[in-house]
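Trainee: Could you take me through one part of this model slowly, with attention to how it sits among its neighbours?

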Amino acid sequence: MRGMASRPRNHLLWIGPVLTFVGVWSYFTVAVRWPALRDGAWLNVAIAGLGIALAALGTVRAFTRGSRVPVRLLGTLGLAVSILFGGFLGAYVFVLSYGLPPPSGVSTGLAAAPDVELLDADGRPFRLASLRGTRVVLVFYRGHW
Amino acid sequence: MAEFRDAGATVVAVSTDPPERGREVVEALGLEFPVLADPSGAAVAAFGVAHPEGNPIDGGTIARPATFLLDRDGRVVWRDLTENWRVRPRPDEILQRLASIP
């Protein structure tokens, strides 16, 4: 039986899962700040995909090189976790975020904006019509909850 | 924001959060535009941008992400109702549209 020292260390077993995690984690912490990285998400999907590929390669090596059972198990576990993480990013980017229902009842074309009454940060009434005379960029968002 | 001012445009954000929340958001993010509150959801409904499924937590009215450009006379000249909540119109695109509004 060969000694441990003679067998090259299988670094892919940890590099793969770590890279996958970095790819997924950095999408939500870093890429979301940069529209070019956020909208397409290709960089993070590529990093996570590469991580999964390396984890898979490392696991295959662990089996073909006859690594010890714990190493094989850890490799398989790391690959499974990588696929879960990467799969989550893929599902979020390509499926979940398209979950907005189709718009309905939104006027098209050149129509007068409804004059609605809103509240400013101090709770005072704010009429949209008070902005007449200036161009308005009106952004609706879901709020923080 | 200076670019929007130079384009003669006022930026306002609207959500159904209470006014205090708008203030917190402005302070936390250092925003230079007002975050207005529409707690009743009337404005969201008037613009037709209510999220049909509502707030998944309590079912209350929330807005889908939407951007409207109004001209000086208060007419809607452009709108974007993204189909993907990750992807919203970018400032440079809005500035470009603003430039074409009389």
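What follows is a close look at one strand, its partners and its surroundings.

Trainee: Which elements does E4(A) pair with, in the parallel or the antiparallel sense, and how many of its residues are buried?

Mentor: Please keep in mind throughout that this is a predicted model. Strand E4 of chain A covers residues 135-140, and five of its six residues are buried. With E1(B) the strand E4(A) pairs in the parallel sense over six bridges, and within that pairing Val139(A) has Ala13(B) as its bridge partner. With E3(B) the pairing of E4(A) is antiparallel and runs over five bridges, where Leu69(B) is the bridge partner of Val137(A).

The side chains can be followed from there, bearing in mind that in a regular strand they alternate between the two faces of the sheet. The largest nonpolar core has 22 residues, and those touching the most other members include Leu138(A) and Phe140(A), together with Phe47(B), Val49(B), Phe68(B) and Leu70(B) among others. E4(A) gives two or more residues to this core, as do strand E1 (9-15), helix H3 (42-46) and strand E3 (66-70) of chain B. Val137(A), by contrast, belongs to a second, separate core of 14 residues, which also includes Ala9(B), Ala13(B) and Trp78(B).

For a contrast elsewhere in chain A, consider the nonpolar patch on the surface, whose residues, Phe21(A) and Trp25(A) among them, have about 880 Å² of accessible area together. Helix H1 of chain A gives the largest share of that patch, five residues. Phe21(A) lies in this helix, and it counts as partly exposed because its relative accessibility is 40%.

Note on methods: Residues numbered from 1 in each chain as written. Chains lettered and ligands numbered in written order. Predicted model: local features only at pLDDT ≥ 70, side-chain atom pairs only at ≥ 80, totals over all residues. Heavy atoms only, no water. Core = buried A, V, L, I, M, F, W, Y, C linked by side-chain atoms within 4.5 Å. Buried < 20%, exposed > 50% of the residue type's maximum accessible area, 1.4 Å probe, protein only. Helix = DSSP H or I, 4+ residues; strand = E, 2+ residues; numbered from the N terminus. Patch = residues over 30% accessible without salt bridge, like charges linked within 9 Å, V, L, I, M, F, W, Y side chains within 5 Å. Areas by Shrake-Rupley, 256 points an atom, 1.4 Å probe, with all protein chains shown as cover. Salt bridge = Lys/Arg side-chain N within 4 Å of Asp/Glu carboxyl O. Pairing = 2+ DSSP bridges.
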